[in-house]
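Let's take a walk through a protein together. Have a look at the picture first, and then we will go step by step.

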Amino acid sequence: MKLKTLLEDLEILEIKGNLNIEKEIQKIEYNSKNVSENDIFVAIKGYKTDGHIYIESAKKQGCYACIVEDFVDVDVAQIKVKNSRAALSKVSHNYYGKPSEDLDIIGITATNGKTTTSFMLKKIYEEAGLKVGIIGTVYVKIDDFMIPSYLTTPESLDLQKYLSIFRERKADKVIMEVSSAALELDRAKDVDYNIVSFGNLSKEHMEQHGSYEAYKREKSKLITEAKEHQIAVLNFDNPEIKELASKTKAKVFSFSLDDSLENFSMKNLDLSTGRGKFDFIINRDIETKNGILKKGEFHVELNTAGFSSVMNSMVAISISLLDGIDIATIQRALRIFRGVERRFEIIFEKDFKIIDDHFANEVNIDVTLETLCKMKYNDIKFLYAIRGNRGVELNEENALKIIEWNKKLKLSEIYATLSRDTVTWKDEVSDEERDIFLKIMKENNIKVHLFDTLKEAVETVIDIAQKDDVVMFAGCQGMDKAGRIGLNYILEKNNSYDREEILFPLKDRIV
């Protein structure tokens, strides 16, 4: 590709050195180790290192020019821009031929539930006979092309590459989880969405953004930077999301769990088995690109468990209806959708149930424990993986949230683990994180059985589980392997069980 095409619409502040805009460029790189002759190297200022210090190395490996925020004393052509991350997004967009302009892309953001909402929507579209590409926390996938995800939203160069593959494979729909990090770091800056949605908002990623206000500002960009031709689906039960309706150029459609003044709402929620049943309501005739969506209501039965699944389905159903999917297809897809791993996932239900949930933060804990309170069971055996490397504040908030719900759950003891046998260094629990959790439990007269290893903790709660109990695996990275440990231990204890049947819930797991 010629350099002049690559630099199209890029705001250039200054150029240093000789630059031939007719030069044929081989490829773009942001990692100097991957640079070869006639490449463009983009020097990014990251959290841990500054790409500008690798310009000398990139030059030695043959790069033709560098995109920089600051000129450096290296004899190579340099293109100065205000923000090299935004520049990487723009030149990547150009390099791959602006793929998002040829695709029908749905952008999903929320503090909790992005992944489940995305997979619900994927199931609905596929049930309607459409080819779907998906980019998110679990993987990047279309047809037989699949790459496990390292980032929820990939770096812009990789993202544009994946979108170009989706275009090449003729995707009818692309569903994309959009993280606050991606919005802050301009990874998705040059993506042309058709529909965007904002499902919920609560404190998360303070270690990255520094404050809740900063997190909220970055998260909201998916809506506030939306364009006139886009549709925005917003949760009006959250006042901070509702206020974005006046800050976007997109056409806004609202949903609420109980407010009939919004475009979409629901009634008659039943969570007695853990799996939600409810009536979805279209509160008025709505004009869409596919014609008039008539006022009315229809029944929904979810195959997935948890109140969070109900909330996520409200987003998926609203988007589907606005995108012209018929009601019968939506109903059918949600009845057979098995869910996403570790999102209030029922992984065992014979004598007792095992529920596996990633239990990440206050909002996630709220919806998880609210569902438990609505379920029928004998007793709860509650196992929690203390969050590692997330700070004292988050662990204190999570502990206090458990205490708040314990007025209904009435737990006198819980089981906790540091998961030292399964986590890597980046998720190790510090003494301070452990101590704040134990302190709050002690102050509220809850006995904690603390285990160093996940294996011992899981086997202990399974050993004491009785008929009609619920065993709760609650936690993020520290609980990721609990399902496999637990189900294999159950098979060891009872050789009459069919191995394939018991392990089926783990069949397609990525974690």
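In which sense do strand S20 and strand S24 pair? Strand S20 (residues 353–357) and strand S24 (residues 470–474) pair in the parallel sense, over 5 bridges. Strands here are DSSP runs of E with at least two residues, numbered from the N terminus, and two strands pair if DSSP finds at least two bridges between them. Within this pair, isoleucine 354 stands opposite valine 471 in S24.

A word on the source: this is a predicted model, where local features need pLDDT of at least 70, side-chain atom pairs count only at pLDDT 80 or more, and totals for chains, interfaces and linings use all residues. Residues are numbered from 1 along each chain as its sequence is written, and side-chain values use heavy atoms, with hydrogens and water left out.

Both strands belong to an open sheet of 6 strands with mixed pairing, in the order S19-S20-S24-S21-S22-S23. At its edges you find strand S19 (345–349) and strand S23 (447–451), each pairing on one side only.

Now for the aromatic rings. Rings of Phe, Tyr and Trp (its six-membered ring) pair if their centres lie within 6.5 Å; planes under 30 degrees apart count as stacked, over 60 as edge-to-face and the rest as tilted. The rings of phenylalanine 359 and tyrosine 384 have centres 5.8 Å apart and planes at 65 degrees, so this pair is edge-to-face. Phenylalanine 359 sits in the loop between S20 and helix H12 (362–374), while tyrosine 384 is in strand S21 (residues 380–385). Phe359, Phe382, Tyr384 and Phe437 form one aromatic cluster.

Key:
Helix = DSSP H or I, 4+ residues; strand = E, 2+ residues; numbered from the N terminus.
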